[in-house]
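Hi,

Here is the structure I promised to pass on. Have a look at it first, and then read on for what turned up.

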Amino acid sequence: MKKFLTLLSFVFIVAGLIWSCYKFFTTSNEDPPQFANININLKPLSCDLNQVACTVNFDGVELKFELSPKPIYAMRPVTLKITNGAKLDLKTPELEIYGLNMDMGTIRAKFEKKGDDLVSLIVLSACVVDVMRYRFDVVDGGLKTGLYMDFDLKI
């Protein structure tokens with residue numbers, strides 16, 4: 001019985017080594033990781049939050065999205081301010097942030113009302129692609145409001 005278990009263990013070890021060598025020699029460094037769902041063909045955005053504040057008209061209210069400090073870097077705290085956002089009369093305004101060209105999960109943050117503005121402190125995740133397109137979705141009580149802004153984070 002010991003010989004059988006020793007032989008079986010040896011076979012598994014050899015099979016593992018053969019599979020590891022096969023993967024090592026057939027995968028190039030340019031291949032994206034197999035878990036990544038990457039879309040690198042992005043159309044340019046009409047407004048770049050990394051450069052200027054972007055204005056949008058939503059439900060008859062002119063809103064201005066602004067990130068600071070600029071330039072924006074991954075893994076560093078950033079403040080997102082929506083000027084006139086309090087005029088939307090949202091009960092529990094929150095923010096959902098997720099990648100459009102790669103699934104990085106969803107970042108959730110709460111808004112704080114400061115006068116007529118909504119302000120949130122966020123940290124954006126890093127990614128394996130050069131440009132990560134994020135969507136800032138404004139939600140109220142867990143439900144999407146239809147108000148969003150897209151943003152390109154360049155690594």
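Starting at the N terminus, the elements of the protein chain run α-β-β-β-β-β-β-β-β-β, that is, 1 helix and 9 strands. Helices (H or I, at least four residues) and strands (E, at least two) are DSSP runs, numbered from the N terminus.

Some housekeeping: this is a predicted model, where local features need pLDDT of at least 70 and side-chain atom pairs count only at pLDDT 80 or more, while totals for chains, interfaces and linings use all residues. Residues are numbered from 1 along each chain as its sequence is written, and side-chain values use heavy atoms, with hydrogens and water left out.

On overall shape, the C-alpha trace spans about 80 × 35 × 25 Å along its principal axes. Of the 155 residues, 34% count as buried, where buried means under 20% relative accessible area, exposed over 50%, and partly exposed in between (1.4 Å probe, protein chains only).

Now for the inside. The largest nonpolar core has 33 residues, and I122, L124 and F136 have the most contacts inside it. Such a core is a set of buried Ala, Val, Leu, Ile, Met, Phe, Trp, Tyr and Cys residues joined through side-chain atoms within 4.5 Å. Among the elements that give two or more residues to this core are strand 7 (117-123), strand 8 (131-140) and strand 9 (143-154). Leaving aside residues up to four places away in sequence, I122 touches R76, P77, V78, L80, L95, I97, A109 and F136 (a contact means heavy atoms within 4.5 Å).

The loop between strand 2 (61-68) and strand 3 (77-83) is worth a look. P69 is found there, and the peptide bond from S68 to P69 is cis, with omega near 0°. P71 lies in that loop too, and a cis peptide bond joins K70 and P71, with omega about -5°. M75 also has its place in the loop between strand 2 and strand 3; its phi is near 65°, a positive value in a residue other than glycine. M75 is exposed, with a relative accessible area of 55%.

Finally, D59 lies in the loop between strand 1 (54-58) and strand 2. D59 has a positive phi of about 50° although it is not a glycine, and D59 is exposed at 66% relative accessible area.

Cheers
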